[in-house]
Amino acid sequence: MNKDYLQAALTKFNSSNGVNWYGWKTHDDNGNKIPNDQRMTYANIKVIKDGATIPSEADVNAKIQELKDAEQAAIDKKASGKQKLKDLGLDDAEIKALIGA
């Protein structure tokens, strides 16, 4: 399953109390309908909350990388923790019983 990092990053900007500040354009500047599978891109962001602004594409890309890095760090820490438990003599079944994975 591919995580939608663009939307995850966008929610980190301008958000308060879980209210989204953005939506997706349904038509381009010439009035042509944007196909649904092509709508969720940086170019098609639209502001739907008063006072919100679209962050720069560089800021969004940096936030996406930050989210990916944090996700990978969590994966790495889990693997490291499992290895440390194995080094202490626990087997896979014992580790699974302790941490559920």
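P55 counts as buried because its relative accessibility is 9%, where buried denotes under 20% relative accessible area, computed with a 1.4 Å probe on protein chains only. The model is predicted, so that local features need pLDDT of at least 70 and side-chain atom pairs count only at pLDDT 80 or more, whereas totals for chains, interfaces and linings use all residues. Residues are numbered from 1 along each chain as its sequence is written, and side-chain values use heavy atoms, with hydrogens and water left out.

P55 is placed in the loop between strand 2 (45-47) and helix 3, helices being DSSP runs of H or I with at least four residues and strands runs of E with at least two, numbered from the N terminus. With residues up to four places away in sequence not counted, P55 touches F13, N14, W21, Y42 and V60, contact meaning heavy atoms within 4.5 Å. Between the C-alpha atoms of P55 and N14, 41 residues apart along the chain, the separation is 8.8 Å.

V60 is also among the buried residues of helix 3, together with K63, I64 and L67, and these buried residues pack against helix 1 (5-10). Helix 3 itself comprises 31 residues (57-87) and reaches 45 Å from its first C-alpha to its last, close to the 45 Å expected at 1.5 Å a residue, the expected span being 1.5 Å times one less than the number of residues. Just after helix 3, G89 adopts a positive phi of about 105 degrees.

Notes: Buried < 20%, exposed > 50% of the residue type's maximum accessible area, 1.4 Å probe, protein only.
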